[in-house]
Amino acid sequence: MNYQSSLSFAIEQDRNDPLKDFRKRFLIPQHKGEEVIYLCGNSLGLQPVSAQQHIADQLNNWESLAVEGWFQGNDPWLNYHKQLSASVSKIVGALENEVTVMNSLTVNLHLLMVSFYKPNSKRFKIIMEGGAFPSDQYAMESQVRFHGFDPKEAIVEIFPREGELTLRTEDIILKINEHANELALVMFAGINYYTGQFFDLEPITLAGHEAGAYVGFDLAHTAGNVPLKLHDWGADFACWCSYKYMNSGPGGISGIFVHEKHFENKELDRFAGWWGYREDKRFLMAPGFDAAQGADGWQVSTSPILLMALFKASMAIFDKAGGIDALRAKSIALTGYMEFLINDINQQQGEELFKIITPANPQERGCQLSVVCKKNAKAIFKYLADNGVIGDWREPDVIRLSPVPLYNTFTDVYKAVQYLATAV
Ligand SMILES: *Cc1c(COP(=O)(O)O)cnc(C)c1O
């Protein structure tokens with residue numbers, strides 16, 4: 001696309017945007033009487049207008065049906081989670097029974113590690129990207145300790161080459177090969193939260209499997225952001241939260257993927273609970289765990305229906321918009337526009353005041369750009385906030401800005417970067 005740095009260009013793009021009507025389906029916070037420029041969907045997606053009704057419906061079911069709500073009404077709670085599987089499976093590129101929604105993200109990461117991290121004295125290492133989201137680092141560390149190993153020995157982190165900001169796929173594969181004989185698990189983010197780099201998950205999966213390890217992904221910044229093909233790539237497992245790009249509200253429900261090749265594997269341990277028991281016999285309350293088919297068999301506890309209702313409100317919008325592929329086309333254009341405008345400031349100023357550390361290739365990133373402010377970083381971030389531009393701050397000098405195709409506009413992007421330029 002031939003971008004131009006002008007408000008009229010941005011307005012024209014918005015006018016021609018096939019997704020332009022979707023912004024109305026979200027509640028945009030106000031700042032000094034005007035809608036904020038919200039570029040923080042990587043942290044907490046906006047509230048769908050329909051969220052209140054979805055919650056009210058379930059409160060009404062609870063009021064009128066009480067315990068019968070599990071089996072009666074137009075939305076029986078017993079199978080409520082199954083209404084979400086079709087939409088979610090499309091977002092992550094899975095079969096419908098390879099996904100389920102349950103718990104929260106780090107909890108699910110631990111539960112999946114129970115199945116897929118089975119270290120022994122020969123194979124005990126975990127390879128992950130250096131600078132992974134802290135919760136993932138803590139989860140890996142504590143899992144390694146739980147099994148009696150030393151995190152310093154067992155966790156292998158991969159960092160960019162000297163002078164580079166992001167990882168090369170070839171280096172990831174080399175590292176996997178180097179540790180192949182001792183490798184139990186490759187555990188990567190889909191998109192790194194700090195740099196915004198979207199890793200090449202298919203070759204990583206292949207390399208992990210060739211090394212004889214399991215391969216799992218944390219898709220917190222990835223699901224609902226970029227299209228995925230977990231099933232075709234053959235990943236063993238994945239988990240994600242839905243409150244970032246999938247707009248399910250603070251602390252919203254998480255989701256998991258388990259590849260169907262593992263469904264019949266009785267060797268896999270799991271920490272079981274009654275909600276993962278086969279449905280036709282769950283209420284016989286018999287001793288001896290007998291797992292439900294598919295990812296549902298990893299469920300543990302009674303479905304949190306109110307959280308699921310919020311997620312359902314959001315998934316209906318994704319479906320209406322034509323799914324993740326339609327969103328991705330706009331996302332590439334929006335983020336590309338922001339990149340163009342930021343680079344334009346540098347050009348105008350004759351020096352690189354803002355350095356984008358996210359890869360320039362659209363195939364290697366999602367919505368987010370991580371921008372290093374070379375001068376007065378904190379003051380610039382404050383200036384943005386004072387003018388109603390909501391991004392987020394990461395120490396020591398990075399501002400993350402994520403235009404989201406469902407509710408952000410080219411005009412949002414144009415105005416936000418204008419504030420960056422005037423902040424200088
Ligand atoms: C946001 C995020 C989390 C948060 O986990 P919760 O259990 O939902 O608090 C974990 N891991 C990654 C990679 C994230 O981006």
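Proline 396 is placed in the loop between strand 16 and strand 17; helices (H or I, at least four residues) and strands (E, at least two) are DSSP runs numbered from the N terminus. The model is predicted, so local features need pLDDT of at least 70 and side-chain atom pairs count only at pLDDT 80 or more, while totals for chains, interfaces and linings use all residues. Residues are numbered from 1 along each chain as its sequence is written, and side-chain values use heavy atoms, with hydrogens and water left out.

The peptide bond that joins glutamate 395 and proline 396 is cis, with omega at about 0°. The strands on either side of this loop, strand 16 and strand 17, belong to an open sheet of four strands in the order 13-14-17-16, with antiparallel pairing; two strands pair if DSSP finds at least two bridges between them. Strand 13 (354-356) and strand 16 (392-394) are the edge strands, each with a single partner, so one side of each has no neighbour in the sheet. From one strand to the next, the twist averages 30°; axes are lines fitted to C-alpha atoms, for helices over the stretch in contact, and angles run from 0 to 180 degrees between N-to-C directions. Three bridges link strand 13 to strand 14 (residues 369-373) in the antiparallel sense, and phenylalanine 354 stands opposite cysteine 373 in strand 14. Across strand 13, strand 14, strand 16 and strand 17 (398-401) lies helix 12 (residues 377-386), which runs at about 165° to strand 16; contact means heavy atoms within 4.5 Å.

Another open sheet has seven strands in the order 6-12-11-10-9-7-8, and its pairing is mixed. Its edges are strand 6 (99-101) and strand 8 (155-158); each has a single partner strand, so one side of each is left without a neighbour in the sheet. Here the twist averages 20° from one strand to the next. Strand 9 (residues 183-189) pairs with strand 10 (residues 214-218) in the parallel sense over five bridges, with leucine 185 opposite tyrosine 214 in strand 10. Helix 5 (residues 134-146) packs on the sheet and touches strand 7, strand 8, strand 9 and strand 10, its direction making about 175° with that of strand 7. Helix 4 (residues 105-116) lies across strand 7 (125-129), strand 9, strand 10, strand 11 (237-241) and strand 12 (254-258), at about 170° to strand 11. In the loop between strand 6 and helix 4 lies asparagine 103, which has a positive phi of about 50° although it is not a glycine.

A side-chain N or O atom of threonine 106 is 2.6 Å from an oxygen atom of the ligand, and one of aspartate 136 is 2.6 Å from a ligand nitrogen atom. A polar side-chain atom of histidine 221 lies 3.2 Å from an oxygen atom of the ligand. On its own the ligand has 390 Å² of accessible area, of which the protein covers 84%; accessible areas come from the Shrake-Rupley method with a 1.4 Å probe.

Definitions and conventions
Polar contact = N/O pair within 3.5 Å; in protein donor to acceptor, adjacent residues only side chain to side chain.
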